[in-house]
Amino acid sequence: MEMDDVFKALADASRRSLLDRLHARSGQTLNELCEGLAMTRQAVTKHLGILEEANLVTTFRQGREKLHYLNPVPIHQIGERWIRKFERGKLAALSELKRRLESEEK
Amino acid sequence: MSNSRFVYVTYIKTTPERLWFALTDKAFTQQYWLGACCESDWKAGSPWKLAFSDGRIADAGEIVEADPPRRLVIKWRNEWSPELKAEGYSLCTFEIETVQDAGTDAVKLRVIHSIDRLESAFIQAVSGGWPRILSNLKSLIETGSVVIPKKA
């Protein structure tokens with residue numbers, strides 16, 4: 001698994017929204033993942049392939065169903081390699097500040 | 001879906017034999033298991049336990065299947081939290097497979113952890129721990145040091 005593949009896979013809003021859906025509920029079929037999405041089934045299949053290639057999504061066969069799971073291990077490794085190193089505490093304070101300022105604007 | 005399950009995958013530049021050792025050697029597990037260690041004789045039917053560094057039992061169970069260096073299945077129950085213990089036994093399967101990763105030999109480690117109940121608090125709890133443990137394991141095998149020495 002190459003870090004480049006993970007960053008490329010994450011550099012797309014549709015793929016990130018698929019990861020969010022799997023984060024909300026892991027273990028979904030392709031049909032379930034397609035529900036309520038403004039994407040064609042073919043597009044979802046293609047995006048899932050890229051996510052699987054980057055090891056962000058894994059699949060498990062249960063009977064006749066192919067279930068998709070979020071694999072958080074590469075994201076964790078990015079966190080360790082690129083975030084923790086640059087002081088997570090300060091980043092948390094900054095993102096909290098950003099959140100508060102932005103919510104005041106509304 | 002009538003169960004709760006997580007599937008975790010990591011690729012490690014090592015051999016299946018070395019990874020098997022890393023998963024089953026007590027002293028080695030202590031280096032990446034956030035301060036705890038795994039103990040068993042790793043034969044089907046044998047007891048298995050995960051103990052904190054002070055000796056308290058975190059989780060315990062039994063080896064269901066052991067096929068070194070390919071497959072290990074553990075019947076696994078939390079022992080320190082009454083709420084999690086009440087959920088009963090989960091099943092944790094480790095699958096080790098040789099792959100080619102960027103031209104070098106690597107192994108794919110797949111950990112499948114499931115329990116026969118919906119909305120399991122136990123599976124929710126392990127879902128946060130496994131990525132940290134697997135990151136540590138990968139880092140320890142590949143570089144000789146871990147990223148998170150103790151439970152944060």
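In this predicted model, helix H5 of chain A and helix H4 of chain B cross at roughly 65°. Angles from 65 to 115 degrees count as roughly perpendicular, so H5(A) and H4(B) are described as roughly perpendicular to each other.

**Where the two helices meet**

- The crossing in which H5(A) passes H4(B) is right-handed.
- On the H5(A) side, the contact is made by Val73(A), His76(A), Gln77(A) and Glu80(A).
- On the H4(B) side, the residues are Pro131(B), Arg132(B), Leu134(B) and Ser135(B).
- Sorted by class, this contact of H5(A) with H4(B) holds 3 nonpolar, 3 polar and 2 charged residues.

**The wider contact between the chains**

- Chain A brings 14 residues to the contact, and chain B brings 16 residues.
- On the side of chain B that touches chain A, strand S1 (4–12) and H4 each supply at least two residues.
- Which element gives the most to that side of chain B? It is S1(B), with 7 residues.
- The side of chain B that touches chain A is made up of 11 nonpolar, 2 polar and 3 charged residues.

**Chain A as a whole**

- You will find 6 helices and 2 strands in chain A.
- Following the sequence, the order of these elements is α-α-α-α-β-β-α-α.
- Chain A has a radius of gyration of 16 Å, whereas a compact globule of 106 residues would have one near 13 Å.
- Along the principal axes, the C-alpha atoms of chain A fill a box of roughly 45 × 35 × 20 Å.
- Of the 106 residues in chain A, 24% are buried.
- Taking the contacts in chain A between residues at least 6 apart in sequence, 54% join residues at least 24 apart.

**A closer look at Glu2(A)**

- Glu2(A) sits in the segment before helix H1 (3–10) of chain A.
- Is Glu2(A) buried, exposed or partly exposed? Glu2(A) has 14 other C-beta atoms within 10 Å, and because a residue counts as buried at 20 or more and exposed at 12 or fewer, Glu2(A) is partly exposed.
- Glu2(A) and Ala54(A) are 52 residues apart along the chain, and their C-alpha atoms are separated by 7.3 Å.

Technical notes
Residues numbered from 1 in each chain as written. Chains lettered and ligands numbered in written order. Predicted model: local features only at pLDDT ≥ 70, side-chain atom pairs only at ≥ 80, totals over all residues. Axes fitted to C-alpha atoms, helices over the stretch in contact; angles between N-to-C directions. Helix = DSSP H or I, 4+ residues; strand = E, 2+ residues; numbered from the N terminus. Parallel < 35°, antiparallel > 145°, perpendicular 65-115°, else oblique. Left-handed = near helix turned anticlockwise from the far one by under 90°. Contact = placed C-beta atoms within 7 Å. Nonpolar A, V, L, I, M, F, W, Y, C, P; charged D, E, K, R; others polar. Rg over C-alpha atoms; globule rule 2.2 N^0.38 Å.
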